[in-house]
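Hi,

Here is the structure I said I would pass on.

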Amino acid sequence: MSGPPPQEPHRAEPLHLAGDLDEPGVLEPAQIYRRLPDDEVPDAAVLCFFPDTVRAIGAREGSSVAFTFSGIIGEQPCHVREVGGRRIAFLFPEIGAPRATMFLEEAIARGITRFVAVGSAGVLVPDLVMGHPFVVTSALRDEGTSAHYGVTSSVVAAPPTGIQACIDALDAAGAPHRSGRTWTTDGIYRETRSTVARRIAAGCAVVEMEASALLAVAAFRGVELGQILFSADSLAGEDWDHRGWVSAEDAHEQVFWIAMDAARRLAEAGRGD
């Protein structure tokens, strides 16, 4: 009879050693995806986390497809349409920090350098009503992706240019809004009351799954990024309240167009138009 399998020696090594993050990745997006000419892909894009909205607007007259993201679960088109005299791309980057940052990385490799993300968020404070737009100024990291981009602090700040473009677009639309810190987490089913209380104490007003990772990638790659979150379900009370957010298609489209205008403003600010 054979004995128990040998045990692996325990090593208390850090996950990242000094200098690891200064090296290029084994798979660099620019080595895999061809940079597209300026006349094929715009310099600004909206990362929209409302798939039905992306599909509906992508199918309308005036929209076209610049390129397609390929993956094992299917293809996602990168659509383009004109907003305020400028071509803006828009796409659904799927859900969660790892997938969303893959789309962001691949879009950067193809030549897009300015981004506005728009999606829904859970509400941590009671005075944020359903549908209230929220501009991200910083994100508390509770996901794993951002660590691979050299972020060591607990909070990632949004760039001022992205914040301002989102605020200007919301003001131009006459949409009341707030700004502040979001909590980005990988574990939506492990948002315990104690954790929620600590995140509120740390200044977080909303919770979602991508912001801190998107901001980390943008800083690492040297691109601009702003984010508008749409107040949806609430964790502010003792019991979870979905507040009907899953059927808010009209509001999703309204905030999508605001994000498209923010991306236009971000592109124009970057080019000095």
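The second largest pocket has a volume of about 500 Å³. A pocket here is an open set of points on a 1 Å grid over the protein atoms alone, where a 1.4 Å probe fits, with protein on both sides within 12 Å along at least five of seven lines; lining residues have an atom within 4 Å of a point. The volume is the space filled by probe spheres set on the points.

This is a predicted model: local features need pLDDT of at least 70, side-chain atom pairs count only at pLDDT 80 or more, and totals for chains, interfaces and linings use all residues. Residues are numbered from 1 along each chain as its sequence is written, and side-chain values use heavy atoms, without hydrogens or water.

Of the 20 lining residues, Leu27, Pro29, Glu105, Tyr149 and Arg221 are closest to the pocket centre. Helices α1 (29-32), α3 and α6 each give two or more residues to the lining; α3 gives the most, with five. Helices are DSSP runs (H or I, at least four residues), numbered from the N terminus.

Now the helix pair. α3 (residues 97-109) and α6 (residues 211-221) pack at about 30 degrees, axes 9 Å apart. That makes them roughly parallel (under 35 degrees).

Best wishes

How values were computed:
Axes are lines fitted to C-alpha atoms, for helices over the stretch in contact, and angles run from 0 to 180 degrees between N-to-C directions. Angles under 35 degrees count as roughly parallel, over 145 as roughly antiparallel, 65 to 115 as roughly perpendicular and the rest as oblique.
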